[in-house]
Amino acid sequence: MATFKMGKIVLKSLFTKPATLMYPVVPREWQERTRGHVEIDVDSCILCGMCQRKCPANAITVDRAGRTWEIQRMQCIQCQACVDNCPKKCLTMKPEYTTPGTEKVIDTIAIPEPPKTEAPAAAPAAGGADGLKCDTEACVFCGLCARNCPVGAITVDRAEKSWTVDKSACVQCGLCTEKCPKKCLSL
């Protein structure tokens, strides 16, 4: 009885396609929604830290002082939360997976200094129709928003009770709104 079952399997396998791919001779064709690994465009990254805060697996580390962006590939769950929340859209999800290995892969990428440009005059505190706005009546001018701004777009003068934002430099990452103790900032 077992011989007949085995014979049936052998005959079936002779006339069907192989179940495995001819890798590496024939490269794999990735399907449209395959999530493989995160890549970064170092030229447009501002080190705002949004990807680090939104990563549910804590696989991304942003070091503003050292100007590095780091991802632990084996800890990343390919959820695309960092890609979706990046204000500069410098993160992308590539369909190819990282090469398997015996050690944990931690990619540390150095982010170059942005080119020095002359800053335009700052906008008034009231703001325009769009962008970052501050309710100056509720604001205590503590300066936490300015200290946490990754691009230095906010200026707070506590003595003069003034708050200004350079709208051309603001990337609307939301760090200032989260750090504001009075919640008087809005995007």
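Mentor: Gladly; the second largest pocket has a volume of about 350 Å³, and of the 17 residues that line this pocket, the closest to its centre are Trp 30, Tyr 97, Thr 98, Thr 99 and Pro 100. This is a predicted model, in which local features need pLDDT of at least 70 and side-chain atom pairs count only at pLDDT 80 or more, while totals for chains, interfaces and linings use all residues. Residues are numbered from 1 along each chain as its sequence is written, and side-chain values use heavy atoms, with hydrogens and water left out.

Trainee: Why is Cys 48 called buried?

Mentor: Buried means under 20% relative accessible area, exposed over 50%, and partly exposed in between, with a 1.4 Å probe and protein chains only. Cys 48 has 7% relative accessibility, so Cys 48 counts as buried.

Trainee: How do you know that Cys 48 is too far from Cys 173 for a bond?

Mentor: A disulfide is a pair of cysteine sulfur atoms within 2.5 Å. The closest cysteine sulfur to that of Cys 48 belongs to Cys 173 and lies 5.0 Å away, and therefore it is too far for a bond. Cys 139 is in no disulfide either, since the nearest cysteine sulfur, that of Cys 134, is 4.1 Å away, and by this rule the count comes to 0 disulfides.

Trainee: What makes Cys 139 buried?

Mentor: Its relative accessible area is 14%, so Cys 139 is buried by the cut-off given above.

Methods:
1 Å grid on protein atoms, 1.4 Å probe; cavity = no way out; pocket = protein on both sides within 12 Å on 5 of 7 lines; lining within 4 Å. Points joined across faces, edges and corners; volume = space filled by probe spheres on them.
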